Amino acid sequence: MAALTADDLAPAKRRQLLTRLVGQARARGLADLFKPKAAVRWMADTVAEVAPHVPIRDLATLRRHFPGLDDEELADRLVRNAARATAGVGAAGGGVAAVEWAVTPTLLSAPVLLAAETVTVVAIELKLIGELHEVHGVPLPTGGTQRAVALVQSWAGQRGINPMMPGVGVSAALGTAARKELRDTLLKRFGRNLTTLGPFLTGAAVASYLNRRSTRNLAEQLRRDLRKQGRELPGSRPALP
């Protein structure tokens, strides 16, 4: 999952990793993914499990990786790369689905493919959320658990992290209203990813476009919120214009 969040992953490697992820999901006995509630429950549990391990670069690392860019250009580059990555996941998922159409019995794995694709896109967007917070000068909570909770809440609510909120455990936070919000948002994404199952490569093209658009929309909403928070935080560096 961490490897799938990389900026510069080759299409063939992305498809290979996604196929491996689907295989691992099958191995865990996810037959109940035919049931939407079971699928969403598995995705929510997986997102909570993955979130602490998403590789988020701090500002100093980002400046080393993208030298010569000011804050606004750096944020634009991160959004562009993340949108390309989620589009690539849609294309890879569509490619796998094309094989599923060619061999009808393997359509039994379609719900697993959709769930794996959805969780992968969420992981890429969690990384984007964390790195945009770095660029905009809004600090992430310290500690793996607190940071993971904040990232998941930010993704589910399509808003910036509030650094003034007290930290709680992942299980506690995602077991209340935050978990319901996460499940609702995942259900919307899961339904949208049904386009992946289009015959031949039509699903790949549509899924790629929708993933790219959703990632960009998330980033636009988040950056508006982060600009506002950056102006309001005491002692923070100036927010991006």
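## Contacts of Leu 78

Apart from neighbours within four places in sequence, Leu 78 is in contact (heavy atoms within 4.5 Å) with Arg 57, Leu 62, Phe 66, Leu 128, Glu 131, Leu 132 and Val 135. The model is predicted: local features need pLDDT of at least 70 and side-chain atom pairs pLDDT 80 or more, while totals for chains, interfaces and linings use all residues. Side-chain values use heavy atoms, without hydrogens and water, and residues are numbered from 1 along each chain as its sequence is written.

## Salt bridges

Six salt bridges (a side-chain nitrogen of Lys or Arg within 4 Å of a carboxyl oxygen of Asp or Glu) are found in the whole structure. One of them joins Glu 131 to Arg 57 at 2.8 Å, N to O. Glu 131 is in helix α5 and Arg 57 in the loop between α2 and α3, 74 residues apart; helices are DSSP runs of H or I with at least four residues, numbered from the N terminus. Both Glu 131 and Arg 57 are buried (under 20% relative accessible area; exposed is over 50%, partly exposed in between; 1.4 Å probe, protein chains only).

Glu 72 also pairs with Arg 223, at 2.9 Å, N to O. Because Glu 72 lies in helix α4 and Arg 223 in helix α9, this pair ties together parts 151 residues apart in sequence. Glu 72 is partly exposed, at 24% relative accessible area, whereas Arg 223 is buried, at 8%. A salt bridge of 3.5 Å, N to O, links Glu 72 to Arg 227. Shared partners join Glu 72, Asp 76, Arg 223 and Arg 227 into one network.

Notes: Helix = DSSP H or I, 4+ residues; strand = E, 2+ residues; numbered from the N terminus.
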